[in-house]
Amino acid sequence: MALRSVLGLFTDENVVADAMDSLRAAGYTSSEYELLTGVPYPEGTFGEEEPVHKLYRWPLVGAACGFIVGLVLTTGTQLAYPLVTGGKPILGIPPMAIIIYEGTMLGAIVFTVIGIIFESRLPRLFMGAYDPRITEGYIGVTVTAEEDRMGQAERVLREAGAEDITRGWETPR
Amino acid sequence: MQEHIQLTPKEINQELLSGVLGTPKWWLGLVAFLLLVFLTGAGAFGYMLNKGVGVTGLNRPIMWGFFMTNFVFWIGISHAGIMISAILRLTQAEWRRPVTRAAEVLTVFSLTAALMAAPLVHVGRPWRAALWVFPYDFGRGVWPNIRSPFIWDPAAVMTYLTASTLFVFVALIPDMAVIRDRATGKWARQIYGYLCMGWRGTPRQWKLQTVAGILLSALVLPVFVSVHSIVSWDFAINIGVDGWHSTIFAPYFIIGAIHSGVSAVTMVMALMVWLWKWDKILRPDHFDAIGRLLIIVATTWFFFFIVEFFFAIYTKEAPELALRELQIFTRPYVFLFLIFIITAYFLPVPLWMFKKVRRNVKWMFWTTVSVNVGMWLERFLIFVPSLARKTPLEFNWGTYHPSIIEMLMVAATFAWVAMGMLLFSKVFPLIPIFDIKEGMIVRDEVKIGRAIVPASIRE
């Protein structure tokens, strides 16, 4: 069955926190409802669970990859054409360290950005129930469930004080 | 921040998207003028490609003149952006909010200007720059020589450019969602929708956005330090030129870059107040804060300058003394030296001591312009007099007169950066919208006795 979502729009933070309680009381699990805001509110403002992520692993993996690429690039290319200049060693540590350092940092940064996008669950192909007023200060509470539970979710949101309700599709119809 | 003006999210959107959703009257004319300057420089570049580097004033022994001065200058400017943004984010300085985006974008365009100034223009035959960086003949197995600073440079600058661009992009995602929601055209909505990748503003997305700001700041800072160190080593590892082979060059270049870069950010802040009328968001307090920072940065830079100079003459070695005499007491460098030291330090810093100056947009703009005039000349005085002297590895003395061709190409880089900033401002907001909104919701006022004191909540 295609998943549908319903969005309730609110203006007051306390009302939103109460709406979240009402959804929990109505049997909706934390994976079924979500908050949408246009501003990064302090964690726990609406009594929501703290999001868990593994972003800190990404730069470490990236740095390791960048280090290896830098090492292979500096040693491999110089050994491929071992031309002694000025009596200096073929594999000089100071110049190698510079390139390896830049490679390591580049790897860490690129992987961090990929990690940010991945951990943010982006890109999101279907917007589901969404309203542009969210980026204008409204706070949205969206419930995603099967079609037959939409009516109940809509009722809970309305009773909790939602100023407007809209519906959307989470998957292609 | 004592002079805060509370705005609603809707007002913030309207204010900060005024340049994106509409076109200010002055915008098109200014971009056209800058494009003209840039194209004139591009024409001069084409002329040089056709006739050869003989059309410049570069000749033995001075092969590094305006182009390299300009390269180091733009690398320096690029440092402020990320430095300001990263350090202020890491320390959670409240006044960072309206400044970070413009500083980061300035970094990106300055780096492209630097790449234009050195690898593209300075080498005379830019396609040859590729030979330093990329393997050009797989058959012979000849690879770039990683022992050369001309390989370190592109490695560091390209890493920094990639990191800065990604840094800007990540912080732009929530703002692109705001534009997606406000844009009226179907195409605009779709393009911004793709760019923000379906951002909705869930607590998870905001959490990662916050962590990303801190994590990327922490990762970009070591790159920022390495870039100007490596640029300084283009000079410092050269044992044949007096005045260059100095161990203090890396930190001296870094602090010089911060001095000119923070000044450039202040100039951009002033322009944002004048051109976009964002005086409700960029308050005198912001200029006061950056003015205080500038006093510290400028004085630290001055300390390094004195140390570099003092230890150079302390040995009383004849070539070093002769170089300093040329740099400071001999015409025409004596005039340039006086302009440099006055405009880079002795004029702006005493003025910044006054609160009235720090809180005045006009004063802050012109004093920071003065710093950048001085810092451009500083780089010129490091390179040209040093090369002008006969050294054991050179057979002749020389002098340098920049040609009009070089001047046009230098002007083109300034036009490029300004034009790039203006074009960016037409597509994306120059002030991070979500950051300003967050600043509004975490702000409150606390009553202590009879005083009402502004307070900011921090996690």
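**Reading backbone and sheet features**

Tutor: Let's start with B:Met197, which is partly exposed, with 16 other C-beta atoms within 10 Å. A residue is called buried if 20 or more other C-beta atoms lie within 10 Å of its own, exposed if 12 or fewer, and partly exposed in between, with C-beta atoms placed from the backbone. This is a predicted model, where local features need pLDDT of at least 70 and side-chain atom pairs count only at pLDDT 80 or more, while totals for chains, interfaces and linings use all residues. Residues are numbered from 1 along each chain as its sequence is written, and chains are lettered from A and ligands numbered from 1 in the order in which they are written.

Student: What is the phi of B:Met197 near?

Tutor: Here is the general idea: most residues other than glycine have a negative phi, and most peptide bonds are trans. B:Met197 has a positive phi, near 60 degrees, and sits in the loop between α8 (186–195) and α9 (203–236) of chain B. Such helices (H or I, at least four residues) and strands (E, at least two) are DSSP runs, numbered from the N terminus.

Student: Where is A:Arg121 found?

Tutor: A:Arg121 is in the loop between α3 and β3 of chain A. Phi of A:Arg121 is also positive, near 60 degrees, and A:Arg121 is partly exposed, with 14 other C-beta atoms within 10 Å.

Student: Which peptide bond to A:Pro123 is cis?

Tutor: The bond from A:Leu122 to A:Pro123 is cis, with omega near -5 degrees. A:Pro123 lies in the loop between α3 (93–119) and β3 (139–146) of chain A. In chain B, the bond from B:Arg60 to B:Pro61 is cis, with omega near 0 degrees; B:Pro61 is in the loop between α3 (25–51) and α4 (66–90) of chain B.

Student: In what order do the four strands of the open sheet in chain A run?

Tutor: Strands pair if DSSP finds at least two bridges between them. In chain A the order is β2-β3-β1-β4, with antiparallel pairing. β2 (33–36) and β4 (164–169) of chain A stand at the edges with a single partner strand each, so one side of each has no neighbour in the sheet. The twist averages 25 degrees from one strand to the next; axes are lines fitted to C-alpha atoms, for helices over the stretch in contact, and angles run from 0 to 180 degrees between N-to-C directions.

Student: Which helix packs on the sheet?

Tutor: Helix α4 (residues 150–160) of chain A does, touching β1, β3 and β4 of chain A. Contact means that two C-beta atoms, placed from the backbone, lie within 7 Å. The direction of α4 of chain A makes about 5 degrees with that of β1(A).
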